[in-house]
Amino acid sequence: MRILVLGGTSFVGRFIVTNAIERGHDVTLFNRGRTGTDLFPGVKRLVGDRDDGELSSLEEGSFDAVVDVSGMVPRHVRQAARVLQDRVDRYLFISTNAVYAPGAGPGADETAPLKEPEWNTEVIGATTYGTLKVACEHELDTHFGDRATIVRPGMLAGPHDNVDQFTYWVRRVARGGKVVLPGDPGQPVQILDARDLAHLVVRLLEQDLGGVYNAMGPAQPLTLSEMIHTCARAAQAGIDLVLVPPETVMARFPLVRSDRTWEQSFQRDFSRAREVGLPSTPLETTAADVLAWDRERGEPPLEPAPDPQVERNLLAYIQG
C-alpha cells in the first residue's frame with residue numbers, strides 16, 4: 001500500500017511507520033522536518049507545518065491511505081481532509097480515550113457518549129485536549145464518511161515514550177527498596193504497548209476497515225499493584241510496596257487516580273479492536289524494553305514524576 005503518515009517521527013508515529021515498512025508498504029512522511037531527521041533513511045519526506053496551514057507539499061500524488069498522528073485541533077483535520085479528499089482512499093485518525101464524556105461507567109465501549117466538541121480555541125490543555133479531538137473526529141466524518149477510521153488509544157507505553165507516566169514506575173522500581181504508592185493498590189490500570197497500537201493501525205489499513213476502535217491493554221484486567229510488581233520483575237529488583245493514604249499527598253504520582261476517574265478511563269471495553277487484530281505484548285516485556293531504552297538515553301528528568309524528596313518525606317511520615 002501507499003501510506004501517507006502525517007507526523008511519523010515521534011513516539012506513536014515512528015512505530016506505525018516502522019510496522020508499515022516492515023510489512024512491505026510504501027510510506028511517505030509529512031511533517032515539519034525538525035525531529036527524527038535521522039529516522040527511516042530512504043523514505044520520502046514532505047515538509048509542511050499544520051499549525052501555519054502550510055500543506056502545499058500534499059497537493060500532488062495519491063495514496064491508498066493516510067494515517068493522521070499529528071492532528072490536534074479541528075483545523076488540522078479540516079485542512080488536510082480538503083487537500084487529500086480526492087486522492088486518498090482511507091483516512092485513519094489517531095484520536096484518544098479522552099473524547100468520552102464522564103459517567104459511562106466501567107466496560108463502556110465505542111458507543112459511549114462523547115464530550116461536546118470544542119471549536120472556539122486551539123489551546124491544548126487538560127480541559128481541551130479531549131474536546132478538541134472530538135471536533136477533529138467530526139471534521140473527519142464530515143469529509144470522509146465511511147472512508148474514515150478512528151482509533152482511540154488510552155494510556156500508552158514503550159520505548160521513546162514522550163509522556164513518561166509508565167516510565168516513572170519502571171525507573172523507580174528498578175532502584176528497589178521501599179516504593180511509595182499513595183493510592184488504592186487495587187485500582188484498575190489499562191496500558192497498551194505503542195507497538196501494539198501500530199500493529200492495529202496497519203492491519204486496519206490492510207483490511208480497509210472503517211469505524212471506531214478503542215485501543216487499550218493489556219488483554220487481561222490489571223491493577224496498579226500488579227503493574228508495579230510486573231515492572232519490578234522486569235528490572236529484577238526487590239521492592240517493598242508502602243501504601244500511603246492519598247489524602248496525605250499533595251504531589252501527583254503517575255497513573256494514580258484518587259478521584260475514581262479510573263472507573264471509566266481505565267476500564268474501557270476494547271474487544272472490537274482485539275477482534276480485528278490488536279495484539280497484547282506482555283507487560284513485563286514492555287517494562288524491560290522501556291527500562292533498557294531509558295537507561296540508554298541517560299535517564300533524563302521526568303516531567304510527570306514527583307520529586308524524590310516527596311517519597312522520602314512520605315516514608316519518614318509512615319515510619320513515624
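Which elements each supply at least two residues of the lining of the largest cavity? In this predicted model, they are β9 and α9 (283–296).

**View 1. Gln-187 in the loop between β8 and β9.** Gln-187 lies in the loop that runs between β8 (177–181) and β9 (191–193). Gln-187 counts as buried because its relative accessibility is 0%, against a cut-off of under 20%. Val-73 is 114 residues away from Gln-187 along the chain, and the C-alpha atoms of the two are separated by 32 Å.

**View 2. Surroundings of Gln-187.** Leaving aside residues up to four places away in sequence, Gln-187 touches Leu-222, Thr-223 and Leu-224, then Leu-255, Val-256 and Arg-257, and also Trp-262 and Phe-266. With Arg-257 there is a polar contact: the side chain of Gln-187 reaches the backbone nitrogen of Arg-257 at 2.9 Å.

**View 3. The largest cavity.** The count of cavities of 30 Å³ or more comes to 1. The largest cavity has a volume of about 50 Å³.

**View 4. Lining of the largest cavity.** The residues that line the largest cavity are Ile-191, Leu-192, Asp-193, Asp-196, Gly-217, Pro-218, Ser-280, Thr-281, Leu-283 and Thr-286. β9 gives the most to this lining, with 3 residues; α9 (283–296) also supplies at least two. By residue class, the lining divides into 4 nonpolar, 4 polar and 2 charged residues.

Terms used
Residues are numbered from 1 along each chain as its sequence is written. This is a predicted model: local features need pLDDT of at least 70, side-chain atom pairs count only at pLDDT 80 or more; totals for chains, interfaces and linings use all residues. Side-chain values use heavy atoms; hydrogens and water are left out. Helices (H or I, at least four residues) and strands (E, at least two) are DSSP runs, numbered from the N terminus. Buried means under 20% relative accessible area, exposed over 50%, partly exposed in between (1.4 Å probe, protein chains only). Contact means heavy atoms within 4.5 Å. A polar contact is a pair of N or O atoms within 3.5 Å; within protein, one must be able to donate a hydrogen and the other to accept it, and residues adjacent in sequence count only if both atoms are side-chain atoms. On a 1 Å grid over the protein atoms alone, a cavity is a set of points where a 1.4 Å probe fits but cannot get out, and a pocket is an open set with protein on both sides within 12 Å along at least five of seven lines; lining residues have an atom within 4 Å of a point. Grid points are joined across faces, edges and corners, and a volume is the space filled by probe spheres set on the points. Ala, Val, Leu, Ile, Met, Phe, Trp, Tyr, Cys and Pro count as nonpolar, Asp, Glu, Lys and Arg as charged, and the others, Gly among them, as polar.
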